[in-house]
Amino acid sequence: MKWIPKFNSSNSLRVIFVIAVFILLFLSSIAYKHNQDLNESSKLVMHTYEINIQLERLMSAIKDAETGQRGYIITRNGRFLTPYIYSRDKVNTSFITLKKLTADNPKQQKNLKKLFKLITQRFTSFENCFKYSNPQTYDKRKLDNHMFGGRILMDNIRFQVDEMNDIEKKYLQKRLKIYAQEISLSPVFSISLFLAALTFIILAYRQISKDIKRLKIFNKQLLISSRLMSESEVIGKFSTWQWDLDVNKIDYSENQYRLLGLKPNAFVPEKDTFLNFVHPDDKEAVSKSMDGIVNNKQLPFIYYKILLPDNEIRYFKSTGKLLRDQQGSQILLGINFDITDEHLLNIELQERNKELEKSNKELASFNHVASHDLQEPLRKIQTFISRVSDADKAVLSDSAKDYITKIEVSAKRMRVLIDDLLLFSRTNTTKKEFIKSNLNELFENAKSELTEIIDEKKAIITTSKLPKLNVIPYQIEQLFINLIGNSLKYNQPNLNPEITIETEKVLSTDYPDLLEQNIKKFYKITFSDNGMGFDPQFKETIFVLFQRLHSKTDYPGTGIGLAICKKIVENHKGHITADSILGKGSVFTVFLPE
């Protein structure tokens, strides 16, 4: 009789064990199902939060762009455009994320399209505001209209975002309700949670091991980045500092100490210790700017001198920006630049400018001497020679007559040389007043100046229609006179000169080695003749001052005419080239910007 209970007890224990196992497995499966439902509810809730976060990021990016726009319009400082430039990428990233998050919601997709359209219009408004706030295209009325329209667009964007948020709030309330129901069942599944916790502990251990390995890699990369930043400061001659306004603590980068002529961490960074390095002339201004940092929470650019321990004077400039961390602490981030080299270079440039001004004054004095003092004795020489009558010449010896003839020729050449030098000098120094001019009229004026020699040599000049351009009229007229006169001078014997002038519009990209690429379009004007031509090896030399390819006895001239042509074209930001084949004529090509 006693064995039966034992047997029954043993069987009961087995049954209980089996039942316990089945119950444990059943509860585990129920817990697993519950966790799945809870996880799904959590995902739905997080989905709503993620949409709200992306909408907030979207609004933040647009507000950053709006702030950058205002800052740039007010200060014209390109640094304010940084948030505006990056805002487009942020907006596009948020839109892509929102599109994915609302892919299964047609109503939100429709709202998202409206929002995208409004933001596109807002960025167009930004561009128009930049356009009409630019000093070159400034239009107050249009700027005010676009600024006001931008504000309306911003209100519409907020309204659209609020509408989407309201929809998500409704979804959130439903999902939170479901989530609350799911989570209220948690005590029932304590055993399953225990098993899950054990599993999570194991998984967490493995994950922690992986994270530790990754953390070591990241720390190594951080050390490398920190080292690179430190080296960059040394190379760029700048330093950074942080001022925690809440606790009034200042931290310097290592290069800050080096810029002050000391080793890193040579002193405790404080306001007063830094002022000890400031030159006495600038100490008061720097002290006021540092007080302004505390009061105004910002530091505009300030320039000052630093006196190093060895009494060497260095020139600095500093700026700063107020930042807030996640805990709400106010930290002023600043940068100091050692601009000594730039300062000395500016001084050198100023001295050179003074020398240039002095040279220009001397050149003006030369012009006065050339136009008055040099020409006066030359006129007297020509006058006195002209008074020698033929009767007086008849009684002179042949050698005396030859001397007088040579004096006359030399005096004429001297006058031509002085006139050409004055013309070249005026091309360099006179006021360059650009006027919208018809080049056809200037060309006709040039032909009138050369009428006598054109008729004498029976020259044939054909020209296409020339454009209207902003030019210095008298210089372009002189350019035509010199180029046509050059073709008439060097014509082939026993052959009537034929000069052809053709015009066409070209792109600067077609001539990248010749023309300025920041000017898109040019007019190409070619002067072709059937003259004697020249050796192509001299196509650059002929534009050099006083350079002649022929002796003065063969062809009259001073070697200044083509140099004047080059200077005139350069004054118009153009280019001139010459090509020729000896005995077959020459082609001079002038490029003038549209």
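**Aromatic pairs in a predicted model**

Modeller: This predicted model holds 11 aromatic pairs.

Colleague: Why is the pair of Phe238 and Phe337 called tilted?

Modeller: Two values describe a ring pair: the distance of the centres and the angle of the planes. For Phe238 and Phe337 these are 6.2 Å and 35°. Pairing needs centres within 6.5 Å, so the distance qualifies. Stacked needs planes under 30 degrees apart and edge-to-face over 60, so 35° leaves tilted.

Colleague: What makes this pair a tie between separate parts of the sequence?

Modeller: Phe238 lies in strand 1, residues 238-244. Phe337 lies in strand 5, residues 330-338. The pair therefore ties together parts 99 residues apart in sequence.

Colleague: Why is Phe238 called buried?

Modeller: Its relative accessible area is 17%. Buried means under 20%, so Phe238 counts as buried.

Colleague: And what is Phe337 called, and why?

Modeller: Phe337 has 24% relative accessibility.

Colleague: How do you know that the charged end of Lys317 sits over the ring of Phe337?

Modeller: The charged end of Lys317 is 5.4 Å from the ring centre of Phe337.

Colleague: Which residues do ring pairs link into a cluster?

Modeller: Tyr252, Tyr257, Phe267 and Phe277.

Colleague: What surrounds these details? How many helices and strands are there?

Modeller: The protein has 16 helices and 12 strands. Of its 594 residues, 34% are buried.

Key:
Residues numbered from 1 in each chain as written. Predicted model: local features only at pLDDT ≥ 70, side-chain atom pairs only at ≥ 80, totals over all residues. Heavy atoms only, no water. Helix = DSSP H or I, 4+ residues; strand = E, 2+ residues; numbered from the N terminus. Buried < 20%, exposed > 50% of the residue type's maximum accessible area, 1.4 Å probe, protein only. Phe/Tyr/Trp six-rings, centres within 6.5 Å; stacked < 30°, edge-to-face > 60°. Lys NZ or Arg CZ within 6 Å of the ring centre and 35° of its normal.
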